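Trainee: Hi! Could you walk me through this one? I'm new to it.

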Amino acid sequence: MKEEKNKWFTRLWGSIKEFIKNKKFSWVWVTLIIVFLILNIIYMFNFIIRNGIGLSSSQADFGYYGSFIGGIIGAFAPLITVLILVETLNEQKNFSEKQNTFFTKQTSYMKEQEKSLKKQISHLETQRIADKIDKFESRLMLMLRLHRDNVDEMMISENNRKDNANEFMPIKGRNVFVGMIEEYREIIRQLKQMEAEIEYNGKERSNVAYSILYFGIEENSVYLLENELKTIGIPINSIKAIILWMKKRPNIGKVKISLGYSPFQGHQQRLGHYFRQMWQIIKFIDNCDCFTYNSDEKKYEYSKMLRAQLSNHEQALLAINALSPFGRKAWKESGTLKKYQLIRNISKDFFKSDTELNLEEAFKEIRWQY
């Protein structure tokens with residue numbers, strides 16, 4: 001029996017310790033219980049001294065005991081209420097702290113996730129831009145190669161014999177532009193000789209010369225030349241006189257020998273394709289949206305790849321084209337030449353400024369290399 005009581009007491013004490021260990025109860029409550037038990041033991045001890053061991057048969061004794069218990073409880077009731085309130089507040093505080101800790105950890109975790117996500121997005125964006133630039137460069141290289149191949153394939157051939165034994169050798173590649181510039185200069189010389197007899201603005205000499213160079217004066221294209229000269233503002237009687245004069249071809253034999261081909265036949269087919277292809281390249285560079293910063297500077301650097309392919313004679317022909325109705329809107333008025341400086345490598349004395357073309361006056365926006 002004694003062993004069973006000891007076991008019961010051991011289990012009870014173990015339960016109490018486990019209860020306290022799990023913080024389901026505070027030491028204040030334990031203290032109150034112990035005080036309550038001690039007061040009960042003192043009361044019982046006093047009762048045994050006065051009445052002996054055993055239960056009292058007097059209802060008054062039980063009444064005294066009940067009053068004693070009620071007094072103790074009444075005395076401790078406000079304290080217990082306060083303790084319960086404090087305990088409740090402590091529990092709420094602990095719960096709130098746990099929640100704050102949880103939310104703090106959750107917020108920190110979310111911030112770390114946000115940083116990680118931003119890094120991934122930044123990496124993907126960087127990779128996307130890099131891929132876009134790679135595609136841009138690949139296509140640009142292809143367009144430049146096609147343009148170079150087009151120049152290499154350009155040719156002016158002459159079927160007429162120079163004499164009974166030899167033929168003029170075909171002019172190929174970049175030499176075609178050398179021939180065109182020389183032909184342009186010859187037209188300028190012819191127009192200058194005509195100016196005393198023909199009424200038209202001498203300032204339009206360059207545009208008239210380029211129109212003749214472009215269309216020629218052959219029967220199949222002369223009507224196109226007439227329409228173009230009307231657009232420039234040349235009177236119809238002057239147009240007729242210019243065409244008639246050019247058809248006489250003064251010193252044509254010497255000019256033909258100098259150029260290596262018959263002049264004034266027109267280069268519409270060659271120049272039309274050439275300038276359209278060049279325009280597509282420069283607009284492809286200009287429309288690129290794959291640069292996130294210093295976009296204009298980078299586009300300018302890429303445009304230098306095109307300019308590096310242009311010989312001085314090609315740049316000179318581009319300058320003439322940019323002043324003419326053919327290319328003025330696209331190259332000059334749009335600001336493309338100013339933005340990409342495609343003709344800045346023309347030498348200072350390439351054109352005679354008084355008779356052919358005054359580059360510095362015509363292109364004040366160009367930062368000439370010289």
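Mentor: Happy to! Let's begin with a helix pair: helix 4 passes helix 5 in a right-handed crossing (a crossing is right-handed if the near helix is turned clockwise from the far one by less than a right angle, left-handed if anticlockwise). Helices here are DSSP runs of H or I with at least four residues, strands are runs of E with at least two, and both are numbered from the N terminus.

Trainee: Which residues of helix 4 and helix 5 make the contact?

Mentor: From helix 4 they are M180, E183, Y184, I187, I188, L191 and K192, and from helix 5 they are R205, S206, V208, A209, Y210, I212 and L213. Contact means heavy atoms within 4.5 Å.

Trainee: And at what angle do the axes of helix 4 and helix 5 cross?

Mentor: Roughly 125°, and the axes come within 9 Å. Axes are lines fitted to C-alpha atoms, for helices over the stretch in contact, with angles from 0 to 180 degrees between N-to-C directions. Helix 4 and helix 5 are therefore oblique to each other (under 35 degrees is roughly parallel, over 145 roughly antiparallel, 65 to 115 roughly perpendicular, the rest oblique).

Trainee: Is this a predicted model or an experimental one?

Mentor: It is a predicted model, where local features need pLDDT of at least 70 and side-chain atom pairs pLDDT 80 or more, while totals for chains, interfaces and linings use all residues. Residues are numbered from 1 along each chain as its sequence is written, and side-chain values use heavy atoms, leaving out hydrogens and water.

Trainee: New topic: how many disulfides does a search of the whole structure find?

Mentor: One. It joins C288 to C290, with 2.4 Å from S to S; a disulfide is a pair of cysteine sulfur atoms within 2.5 Å. The torsion about the S-S bond of C288 and C290 is about 70°, so this disulfide is right-handed.

Trainee: Are C288 and C290 buried or exposed?

Mentor: Both C288 and C290 are buried. Buried means under 20% relative accessible area, exposed over 50%, and partly exposed in between, using a 1.4 Å probe and protein chains only.

Trainee: What about S324, where is that?

Mentor: S324 sits in the loop between helix 11 (312-323) and helix 12 (328-333). S324 is buried, with a relative accessible area of 0%. Leaving out residues up to four places away in sequence, S324 touches N207 and Y210.

Trainee: Last one: how many helices and strands does the protein have?

Mentor: There are 14 helices and two strands. Of the 370 residues in the protein, 37% are buried.
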